[in-house]
Amino acid sequence: MNEASVTLNAIEEARARLKGLVHETPLDMSHTITTLADRETYLKLENLQRTGSFKIRGASNCIMTLSPEQKERGIIAASAGNHAQGVALGGTMNAIRSTVVMPEAAPLAKVQATKGYGANVVLHGKTFDESLAKAMEIQKETGAYFVHPYDDPMVIAGQGTVGLEILEQCPDIENIVVPAGGGGLLSGIATAVKNKAPHVKVYGVQSEKAPAIYLGKKQNKWVSHPSGKTIADGCAVGMPGKLTFSLIQKYVDDMLLVKEEDIAAAMLLVLERGKLVMEGAGAMPVAAALAASYPYTGQDGPLSSAAATLMSTPFPGLSKRGSCGRDAAMKLETRMADRPGELVKFIKHLAKNAG
């Protein structure tokens with residue numbers, strides 16, 4: 001498996017293969033971000049995608065290219081939520097048994113959605129990397145095909161279809177900013193864009209709490225780096241893909257880093273002004289745009305696109321973190337797992353220690 005296996009032709013074939021299965025999502029100009037960032041800025045609204053995320057593109061493209069023998073043995077994946085739903089739906093639509101290993105603290109809504117799309121869900125581990133290791137164990141035991149969340153040529157090609165759409169929807173685009181965890185979306189978009197419109201700049205962005213690809217790009221070599229607790233949980237990956245990193249090295253112009261507070265502020269801004277609920281991973285490009293952390297090109301005014309995933313998910317502590325510096329106040333802040341009974345335990349704890 002090497003970068004030669006991910007080509008513009010493979011991405012174009014993926015788009016044809018996925019036609020009728022995935023939606024061509026809107027590229028929507030944000031007047032608020034355009035004003036604040038002083039550059040014309042668009043959001044790629046993958047919240048309107050099936051399963052609410054771009055992940056359905058890569059997962060389905062991979063599943064649809066499996067041999068009859070591979071399909072018979074079933075499929076398995078590891079995911080914090082979005083890839084899980086893509087694999088579950090892709091498997092069900094192709095009449096393939098699917099198993100997904102998810103972290104124990106995965107949002108309950110995503111666990112239920114994954115089950116609802118037809119997958120057998122196994123909860124294991126505190127982090128995505130622990131879930132991934134468990135999924136690989138099950139794969140060896142069952143012989144099921146492992147649908148990697150990012151480091152698979154067909155998964156990358158499927159994610160790259162987002163790049164093709166952006167170029168068609170905004171032919172004058174000059175900068176594309178993409179969130180990165182394992183690197184599947186970033187490498188796919190970058191491969192598509194640089195082979196179709198090499199003058200367009202492609203930037204990846206990560207949280208300071210999960211900077212593995214950023215560090216690798218700066219050191220000019222693949223590195224692993226433990227992911228800390230981040231509001232951008234969809235990109236909390238400590239070990240990025242080897243294939244994705246190779247493509248990122250080849251096609252991505254630069255990697256950017258954003259602070260947790262800036263991610264929260266971007267989420268709150270888009271919620272208040274754009275009436276869109278954005279998860280942390282999808283908000284990272286917005287945070288980068290607002291921080292002016294990447295240069296713009298062109299003489300007639302900058303154009304940029306934040307390729308964002310938007311999701312209807314809760315985000316604990318967002319109001320306080322996003323309100324830093326805005327003279328807002330909160331009396332209490334807490335964190336709890338998105339699990340039945342957690343709120344009751346918290347209230348009982350308060351009652352016990354009140355006064």
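**Close-up 1. Surroundings of the His 148 side chain in the predicted model.** The backbone nitrogen of Tyr 150 lies 3.0 Å from a polar atom of the His 148 side chain. His 148 sits in the loop between strand 6 (145–146) and helix 8, where helices (H or I, at least four residues) and strands (E, at least two) are DSSP runs numbered from the N terminus. With a relative accessible area of 16%, His 148 is buried, that is, under 20% with a 1.4 Å probe and protein chains only. Apart from neighbours within four places in sequence, His 148 is in contact with His 83 and Val 155, contact meaning heavy atoms within 4.5 Å.

**Close-up 2. Crossing of helix 3 and helix 8.** The axes of helix 3 (residues 55–64) and helix 8 (residues 153–169), which are lines fitted to C-alpha atoms over the stretch in contact, come within 7 Å and cross at roughly 135°. Contributors to the contact include Gly 58 and Cys 62 of helix 3, together with Ala 157 and Thr 161 of helix 8.

**Close-up 3. Helix 5 beside helix 6.** The axes of helix 5 (residues 82–93) and helix 6 (residues 108–116) come within 8 Å and cross at roughly 10°; helix 5 is therefore roughly parallel to helix 6, a term for angles under 35 degrees on a scale from 0 to 180 degrees between N-to-C directions. Asn 82, Ala 84, Gln 85 and Ala 88 of helix 5 meet Lys 110, Ala 113 and Thr 114 of helix 6.

Residues are numbered from 1 along each chain as its sequence is written. In this predicted model local features need pLDDT of at least 70, side-chain atom pairs count only at pLDDT 80 or more, and totals for chains, interfaces and linings use all residues, while side-chain values use heavy atoms, leaving out hydrogens and water.

Methods: Angles under 35 degrees count as roughly parallel, over 145 as roughly antiparallel, 65 to 115 as roughly perpendicular and the rest as oblique. Buried means under 20% relative accessible area, exposed over 50%, partly exposed in between (1.4 Å probe, protein chains only). A polar contact is a pair of N or O atoms within 3.5 Å; within protein, one must be able to donate a hydrogen and the other to accept it, and residues adjacent in sequence count only if both atoms are side-chain atoms.
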